[in-house]
Amino acid sequence: MTTALAINGVTRRYRLGADNYVHALRGVSLEVEDGEMVAIMGPSGSGKSTLMHIAGGLDVPDSGEAWIEGTRIDTLSDRKLTRLRSKRVGFVFQGFNLLHTLTAKENVALAAEYAGLSKRDAAQRAQELLGMLGLRERIGHRPAELSGGEQQRVAVARALVNDPCMLMADEPTGNLDSVTSAEIMDLLARVNVEQGMTIVLVTHDHGVANRCRRLVEMQDGLIANDGGEQGL
Ligand SMILES: Nc1ncnc2c1ncn2[C@@H]1O[C@H](COP(=O)(O)OP(=O)(O)OP(=O)(O)O)[C@@H](O)[C@H]1O
Ligand SMILES: [Mg+2]
């Protein structure tokens with residue numbers, strides 16, 4: 001097995017005032033192997049989003065290392081990091097983060113165009129993927145014309161459009177009711193099993209975490225517990 005992501009001894013602090021810092025991460029190490037599905041839980045402010053952003057190359061640590069698929073990312077130039085991230089990591093957020101003036105298909109296609117696909121190939125890939133995720137009838141709808149669950153499925157399609165090696169989701173079901181939340185988890189579990197996609201997700205919901213094979217618990221900027229494989 002290869003290692004999808006690794007962070008070693010990562011610290012990250014945010015400056016609040018002249019001599020005042022919040023220590024969001026105090027020395028965190030974590031390895032996730034290809035094909036794993038991992039839940040990260042922990043109290044508000046424990047560093048979950050910060051960890052996810054550093055592991056996915058959206059943010060850089062103050063000290064320590066971050067690796068994606070054997071490439072060290074915390075020392076890459078912005079340009080190289082952006083390119084690696086757009087090809088290797090798909091992100092899904094609690095608020096869906098879709099562009100409101102674009103249709104479902106355009107939202108997904110745009111991410112593929114950013115990664116270098118031609119307009120035509122991007123549109124075709126977006127259409128295929130939305131069809132696969134059960135949104136064939138919705139491709140021309142704008143986000144406001146879609147339910148929360150449908151919007152999140154569009155966001156998952158957008159995250160998958162460049163065939164990333166891993167998908168990172170920060171509270172992907174946080175804005176959804178329990179039925180819709182279960183549908184999104186069905187979808188993520190299917191992508192994990194059928195495509196072998198590595199998935200790391202942050203959640204406050206034990207039901208969501210129970211769908212993952214491994215549970216990592218954070219507290220005060222540290223990993224308090226790494227349960228390893230949990231029985232399903
Ligand atoms: N941009 C920022 N500037 C200052 N402090 C920040 C910033 N982002 C996060 N923090 C602080 O860092 C700590 C960790 O934040 P983080 O967002 O990683 O927590 P979290 O575990 O994701 O919390 P939640 O469950 O509420 O999303 C918190 O104390 C937070 O207030
Ligand atoms: Mg958070």
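These notebook entries record what I looked up in the structure, which is a predicted model.

**Ligand 1.** I began with the surroundings of ligand 1 and listed Tyr14, Val22, Ala24, Gly42, Ser44, Gly45, Ser46, Gly47, Lys48, Ser49 and Thr50 as the residues around it. Sorting this shell by element, I found that strand 2 (20–33) and helix 1 (48–55) are the elements that give two or more residues to it, and that helix 1 supplies the largest share, 3 residues. By residue class, I noted 7 polar residues in the shell around ligand 1, together with 3 nonpolar and 1 charged.

**Helix 3.** I then turned to helix 3, which spans residues 104–114, and marked Ala104, Lys105, Asn107, Val108, Ala109, Ala111 and Ala112 as buried. Looking for their packing partners, I found that the buried residues of helix 3 pack against helix 4 (119–132) and helix 5 (148–160). I also checked what comes after helix 3, and there I noted glycine 116, with a positive phi near 110°.

**Nonpolar core.** Last, I looked up the largest nonpolar core, which has 64 residues. The residues with the most contacts inside this core are Ile40, Val108, Leu130, Ala157, Met166, Leu167 and Val200, and I recorded Val108 also among the buried residues of helix 3. Helix 5 gives the most to the core, with 6 residues.

Key: Residues are numbered from 1 along each chain as its sequence is written. Chains are lettered from A and ligands numbered from 1 in the order in which they are written. This is a predicted model: local features need pLDDT of at least 70, side-chain atom pairs count only at pLDDT 80 or more; totals for chains, interfaces and linings use all residues. A residue is near a molecule or strand if its C-beta atom, placed from the backbone, lies within 6 Å of it. Helices (H or I, at least four residues) and strands (E, at least two) are DSSP runs, numbered from the N terminus. Ala, Val, Leu, Ile, Met, Phe, Trp, Tyr, Cys and Pro count as nonpolar, Asp, Glu, Lys and Arg as charged, and the others, Gly among them, as polar. A residue is buried if 20 or more other C-beta atoms lie within 10 Å of its own, exposed if 12 or fewer, and partly exposed in between; C-beta atoms are placed from the backbone. Two residues are in contact if their C-beta atoms, placed from the backbone, lie within 7 Å. A nonpolar core is a set of buried Ala, Val, Leu, Ile, Met, Phe, Trp, Tyr and Cys residues joined through C-beta atoms within 7 Å.
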